[in-house]
Amino acid sequence: MAQFVFENDLNSILKLDAPITNAPLARWQRKAKEGGCSSTNTSINTSVLSPMKAANRSHSSSKTPSKTPGKSQGKLQGTPSRVGGDRFIPSRSAMQMDVASFLLTKENEPTAQSPTKKEQQKAWAVTLNGFDMEEAKILRLGGKSLNAPEGYQNNLKVLYSQKATPGSSKKPSRYIPSMPDRVLDAPEIRNDYYLNLIDWSSQNLLAVALNDSVYLWNYLTGDILLLLQMENSEEYISSVSWFNGENYLAVGTSNAEVQLWDVEQQKRLRNMVSHSSRVGALSWNNHILSSGSRTGHIHHHDVRVAQHHVATLSGHSQEVCGLKWSPDGRYLASGANDNLVNIWPCVQGDSAEFAPVQTFTQHQGAVKAVSWCPWQSNVLATGGGTSDRHIRIWNVCSGTCLNSVDTHSQVCSILWSTTYKELISGHGFAQNQLVIWKYPTMTRVTELKGHSARVLNLAMSPDGCTVASAAADETLRLWKCFEVDPVTKKEKEKARNSSKSIIHQSIR
Amino acid sequence: MAGQLTREGITLKGSAEIVSEFFFFGINSILYQRGIYPPETFTRAQKYGLTLLVSTDPDLKNYLNTVVEQLKDWLYKCQVQKLVVVITSIDSNEILERWQFDIECDKTVKDDSVVREKSPKVIQEEIRSVIRQITATVTFLPLLEEACAFDLLIYTDKDLQVPEKWEESGPQFVSNSEEVRLRSFTTTIHKVNSMVAYKKIDS
């Protein structure tokens, strides 16, 4: 029996010595084969073909590179390594024998390149250089490059490292509290510039859309009511807007619906489907509800009739994010992601199609902040996004830009005060502040800071004293920034009474 | 140029003009939006139904006009492959940003006798969205903190005679870059694909 075992052993050794037909190529074989390629790009080849691990092993085992080409790698690993070397070369581990032998053998090899290799090299050149050296040349107009004047600093750098909003600041003539009156949590509010998520009703209810639900917060009592929640949790509320005067709330959703809710009954009255994409902006003009969609279309819905979709305004090529009817109901202002502001008439032209009476192209960013002046019916304020950062005041009748101011920050929302000749704007990076501006000079009255992420929307209380700001830091802050000073209020009333009597006298 | 736009159909000459004009406004927009030059040296111009900003610096204007005129000639001969705007830091000479416009020429069109059917209005609409995208990129491109210079590279056919004052250059890539493809437009004779590569911010 013993001799059979010996014979088997012998056989297996012989088998090991013979080249294995199906086995992967030995390392030196692979190296030699890919040699041509490695010259075009060494870094990639070394990383792919000889990973660090393999290289380390060949160092430590201090084996001599095999001279017999037939020997397989398996056999090499089987041989016990001779640590310490021999008497001629005491430390073989310090020498990269296989690398040396590879370089020696490779040098003798003919460098004939096959057509496929040429092709491969060309492909490498194209991917590395982006073009084929043999088919193109790169030209530039000679001479020195034209540099910006000495001392010029990138205005964007100024923007992002600035300390305060520019514009000559005016000392406030009245007291404006710098801290918010109240801070409310707004968990899961969507940080999406293109949505309009809060609105304050004349009944002092603040409607807030938090992801897939709409909550109503009563400013007077502090009660919170969950009005509605989307059935599908992947859908979300994209806009809310109160019907003037009464307790009806219009809700735009991500699945392109416009819903009408009765708040007292907590019931949905209508579900109006006409858009094909999410509805990010809503505005009421009596019984006409206008809705702007991601498609760039604005639809008018007559909420009283069954065929609610009465008109389509197509003047934008991208998502409508700002939409406001003028207080007198004559014009609709729309701002969109295509950087345009369109002013639409309330009735269509002769061709039975709505065409904008004005189109303002001056903004260099998406226009979300759109607000009409409450005391001058043809004055509109608009604010642009990150790439624009300007607030512009327009006369929509003449189409002229009355004033513009660089706010150095994304303008997310604008409101006009009803008590003072002032505007308030909400901003994004870097200060996330609210700024109060004097109209028409557009000097800065004050800044309200506190939000730690960009302000998304602003809403004003029905009495015009308080402004609510919703921000991406998941808070709602209420600022009592337009409160009427009791002394001036009294004086004003007195003046009104006295002026009345003067009129009476003059009539007599 | 205005007459070109009112005519229906596109000839090779008209196409070269539209494309070179796009580059003039496109490069100006990049220079303004990226803050390479002071914003007060730019003036507003109405183009493509947009308000665009164009430099008023006489040297810069002269330079751009020279390049664009030469480009128009090459576009007419269908010898251009790419136009690249390279933005480099002046201090470190490091390449920070690279706007690449690949131009595909239809070489079958040899002279003005060929008229392609494409409404100039549609082309203008396409160009408008490319320019808008250039404007919108400031929202994601990293801030250019140091003073920067720009260079224009034009990739041409190999057999082209290098004109006077022009010299050959390397491709000038951004190392460790991130790339964003932008929209493209076509006049049916020339097709322009745009892309911007910028230095990845280590995080």
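Select A:Arg389, in the loop between strand 20 (379-384) and strand 21 (390-395) of chain A. Strands here are DSSP runs of E, at least two residues, and helices are runs of H or I, at least four; both are numbered from the N terminus. Phi of A:Arg389 is near 65 degrees, a positive value in a residue that is not glycine. A:Arg389 has 10% relative accessibility and counts as buried. Buried means under 20% relative accessible area, exposed over 50%, and partly exposed in between, with a 1.4 Å probe and protein chains only.

This is a predicted model: local features need pLDDT of at least 70, side-chain atom pairs count only at pLDDT 80 or more, and totals for chains, interfaces and linings use all residues. Residues are numbered from 1 along each chain as its sequence is written, chains are lettered from A and ligands numbered from 1 in the order written, and side-chain values use heavy atoms, leaving out hydrogens and water.

Next, A:Asn339. Find it in the loop between strand 16 (331-336) and strand 17 (341-345) of chain A. A:Asn339 is not a glycine, yet its phi is positive, about 70 degrees. Is A:Asn339 buried or exposed? A:Asn339 is buried, at 9% relative accessible area.

Now pick A:Phe429 and A:Ala430. A cis peptide bond joins them, with omega about 10 degrees. A:Ala430 sits in the loop between strand 24 (422-427) and strand 25 (434-438) of chain A.

Move on to A:Tyr439 and A:Pro440. Their peptide bond is also cis, with omega about 0 degrees. A:Pro440 lies in the loop between strand 25 and strand 26 (444-448) of chain A.

Switch to chain B. Select helix 2 (residues 12-33) and helix 4 (residues 120-136) of chain B; they pack at about 20 degrees, with axes 10 Å apart. Axes are lines fitted to C-alpha atoms, for helices over the stretch in contact, and angles run from 0 to 180 degrees between N-to-C directions. The two helices of chain B are therefore roughly parallel (under 35 degrees; over 145 is roughly antiparallel, 65 to 115 roughly perpendicular, the rest oblique).

Show the side chains at the contact (heavy atoms within 4.5 Å). From helix 2 of chain B, residues including B:Phe22, B:Phe25 and B:Gly26 meet residues of helix 4 of chain B, among them B:Ile127, B:Val130 and B:Ile131.
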